[in-house]
Amino acid sequence: MHFSSWTPLVVSLLTISTTAIPILEVRKNGGGGGGGGGGNTATRGGPASAKVTLYSQYTCAAPNTPPPTDGSAGTNVTFSVTEAQCTIPTTGLQYGGALTASLTATPKTGTVGCYIVGHSQQGCGIVLSNVMYGWPVGGTSVGSSLGCGNPPSGTSWSAFEIICQ
Ligand SMILES: *[C@@H]1O[C@H](CO)[C@@H](O)[C@H](O)[C@H]1NC(C)=O
């Protein structure tokens, strides 16, 4: 179903040293695959997910300092993102707004990290008009967070996903 449209994105992200078939395994994130061989035989987690909150009007104080939740950061919308799924929130992220996120499920063992990724077009499609922008999450454990991120100017961000690699 959705994997066919995701494959080119994954290939472009991970072209460095692998071929399309193992990359698809990484994207599916369903166990198997293992880690780096040797000692660690336990495979943990995946697909990763995160709770994301968008704020309409806030300039981050620091990457680890979340926006205030008393309404002074404007209106907010909260939703979940899961690996290999595209989430379209009721309200997107505009320039001048901010986002925060917290991992609710871990990526599989061996994953270096995750990004919360915003797409300019709804649907996360790989089309010429769609660009993406990512904010790193500060760890791979449940509760690891993106404290506060601001989007660049010039567009707005209508769809979101989490990419771990
Ligand atoms: C969202 O906005 C409402 C209304 O201002 C506020 O009560 C709530 O705490 C906010 N939630 C977050 C997560 O900031």
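What follows is a tour in stops, each with something to select.

**Before you click**

This is a predicted model: local features need a pLDDT of at least 70, side-chain atom pairs count only at pLDDT 80 or more, and totals for chains, interfaces and linings use all residues. Residues are numbered from 1 along each chain as its sequence is written.

**Stop 1: the whole chain**

Colour the chain by pLDDT, the predictor's confidence in each residue, from 0 to 100. The mean for the chain is 81, and 74% of its residues reach 70 or more. Now select residues 1–41, where the pLDDT is below 50. Beyond near neighbours in sequence, this stretch has 41 contacts in the model, a contact being two residues whose C-beta atoms, placed from the backbone, lie within 7 Å. Where pLDDT is low, the predicted coordinates should not be read in detail.

Switch to a cartoon view. There are 2 helices and 7 strands, following the pattern α-α-β-β-β-β-β-β-β along the sequence. Helices (H or I, at least four residues) and strands (E, at least two) are DSSP runs, numbered from the N terminus.

How much of the chain is buried? Of its 165 residues, 28% are. Buried means that 20 or more other C-beta atoms lie within 10 Å of a residue's own; with 12 or fewer it is exposed, and in between partly exposed, with C-beta atoms placed from the backbone. As for contacts with a separation of 6 or more, 72% of those in the chain come from residues 24 or more positions apart.

**Stop 2: the four-stranded sheet**

Select β2, β1, β3 and β6: in that order, these 4 strands form an open sheet with antiparallel pairing. Strands count as paired if DSSP finds at least two bridges between them. β2 and β6 (145–149) are the edge strands, each pairing on one side only. On average, neighbouring strands here are turned by 15 degrees against each other, direction ignored; the axes are lines fitted to C-alpha atoms, for helices over the stretch in contact, and angles run from 0 to 180 degrees between N-to-C directions.

Zoom in on β1, residues 49–55. Because 5 of its 7 residues are buried, β1 is largely enclosed by the rest of the structure. It makes 7 antiparallel bridges with β2 (residues 76–82), and 7 with β3, also antiparallel.

**Stop 3: around the ligand**

Which residues surround the ligand? They are Thr53, Thr69, Gly71 and Asn76, "near" here meaning a C-beta atom, placed from the backbone, within 6 Å. This shell has 4 polar residues, no nonpolar and no charged ones. For that count, Ala, Val, Leu, Ile, Met, Phe, Trp, Tyr, Cys and Pro are nonpolar, Asp, Glu, Lys and Arg are charged, and the others, Gly among them, are polar. While you're here, click threonine 53, which stands opposite threonine 78 in β2.

**Stop 4: the three-stranded sheet**

Next, select β5, β4 and β7, which make an open antiparallel sheet of 3 strands in that order. Its edges are β5 (132–136) and β7 (159–164), each pairing on one side only. Neighbouring strands of this sheet are turned by 25 degrees against each other on average, direction ignored. β4 (residues 114–119) runs antiparallel to β5, with 5 bridges joining them.

**Stop 5: a loop walk**

Start with proline 47, in the loop between α2 (20–28) and β1. The peptide bond into it from glycine 46 is cis, with omega near -5 degrees.

Move on to alanine 84, in the loop between β2 and β3. It isn't a glycine, yet it has a positive phi of about 65 degrees. Because alanine 84 has 17 other C-beta atoms within 10 Å, it is partly exposed.

Then there's threonine 111, in the loop between β3 (98–105) and β4. It touches Thr140, Cys164 and Gln165, not counting residues up to four places away in sequence. Threonine 140 is 29 residues away along the chain, but the two C-alpha atoms are separated by 7.7 Å.

Finish at cysteine 124, in the loop between β4 and β5. This non-glycine residue has a positive phi of about 60 degrees. Is cysteine 124 buried or exposed? Cysteine 124 is buried, because 23 other C-beta atoms lie within 10 Å.
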